[in-house]
Amino acid sequence: MVLPSLNELLVLGAIIAIGLAVVALALRALVARSRDLRLGSLVAVDAGASRLLRSSRYRISGRPDVLRRLPDGRVVPIEVKSRPSPARGPPPSHVTQVRAYALLVEDSTGAAPPYALLRYSDGGEFRVAWDANARSELLRLRAELDRPYDGRATPTRAKCAGCRWRNVCDRSAA
Ligand code: SF4
């Protein structure tokens with residue numbers, strides 16, 4: 001019997017690794033597809049300016065990555081993040097962002113979505129409820145934006161070091 005050379009073994013190993021990667025990608029795509037089918041039909045995918053939702057009533061605008069229509073006609077906004085799922089669940093900024101999309105969908109379609117979705121690069125998905133509590137919390141934050149800055153923010157070296165405004169900010173601690 002002729003034993004394979006080291007080079008042949010390496011090539012075989014590479015082929016097997018590529019094959020496994022392709023299978024993993026295909027499985028992930030299948031899971032994503034079946035998940036999407038449960039969410040109803042595709043309404044829109046962010047493709048530029050045409051996807052922009054505006055609300056003159058709440059004076060906000062936003063561009064959800066994906067909109068899907070549930071079988072009952074309600075539209076669900078989906079935000080796709082390029083980072084993996086946060087270990088402790090979505091941070092408040094992500095939750096606020098999809099809630100704002102839910103409000104925009106509600107205002108523009110006349111029907112409140114039951115929830116909004118956050119998706120992460122590793123396939124993790126979080127359902128963010130859009131109910132009376134979520135709406136009042138979002139509107140409270142929205143009202144805060146209309147108030148003049150009251151100086152409550154506390155600059156820290158760590159926070160300011162990564163801030164794009166640190167070179168022009170007179171409160172920077174970095
Ligand atoms: S550099 Fe200024 S704007 Fe940026 S985090 Fe610090 S205090 Fe805030």
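**Figure 1. Order of elements along the chain.** From the N terminus, the elements of this predicted model run α-β-β-β-β-β-α-β-β-α-α. The secondary structure comes to four helices and seven strands. Among contacts between residues at least 6 apart in sequence, 56% join residues at least 24 apart.

Figure 2. The C-alpha trace spans about 80 × 50 × 30 Å along its principal axes. The radius of gyration is 23 Å, whereas a compact globule of 174 residues would have one near 16 Å. Buried residues account for 15% of the 174 residues. The chain is divided into domain 1 (1–38) and domain 2 (41–161). Between the C-alpha centres of domain 1 and domain 2 there are 36 Å.

**Figure 3. Leu20 in helix H1.** Leu20 has its place in helix H1, which covers residues 6–38. Inside 10 Å, Leu20 has 10 C-beta neighbours. The cut-off for an exposed residue is 12 or fewer, so Leu20 counts as exposed. Arg171 is 151 residues from Leu20 in sequence. In space, the C-alpha atoms of Leu20 and Arg171 are 52 Å apart.

**Figure 4. The loop at Arg59.** Arg59 lies in the loop between strand E2 (53–55) and strand E3 (60–62). Its phi is positive, about 55 degrees, although Arg59 is not a glycine. Most residues other than glycine have a negative phi. Arg59 is exposed, because 10 other C-beta atoms lie within 10 Å and the exposed class takes in counts of 12 or fewer.

**Figure 5. Helix H3, end to end.** Helix H3 takes in residues 132–146, 15 residues in total. At 1.5 Å a residue, H3 should span 21 Å. Of the 15 residues of H3, the number buried is one. Helix H3 therefore lies largely in the open.

Notes:
Residues are numbered from 1 along each chain as its sequence is written. This is a predicted model: local features need pLDDT of at least 70, side-chain atom pairs count only at pLDDT 80 or more; totals for chains, interfaces and linings use all residues. Helices (H or I, at least four residues) and strands (E, at least two) are DSSP runs, numbered from the N terminus. The expected span of a helix is 1.5 Å times one less than its number of residues. A residue is buried if 20 or more other C-beta atoms lie within 10 Å of its own, exposed if 12 or fewer, and partly exposed in between; C-beta atoms are placed from the backbone. The radius of gyration is taken over C-alpha atoms; the globule rule is 2.2 Å times the number of residues to the power 0.38. Two residues are in contact if their C-beta atoms, placed from the backbone, lie within 7 Å. Domain bounds come from an automatic or database domain assignment.
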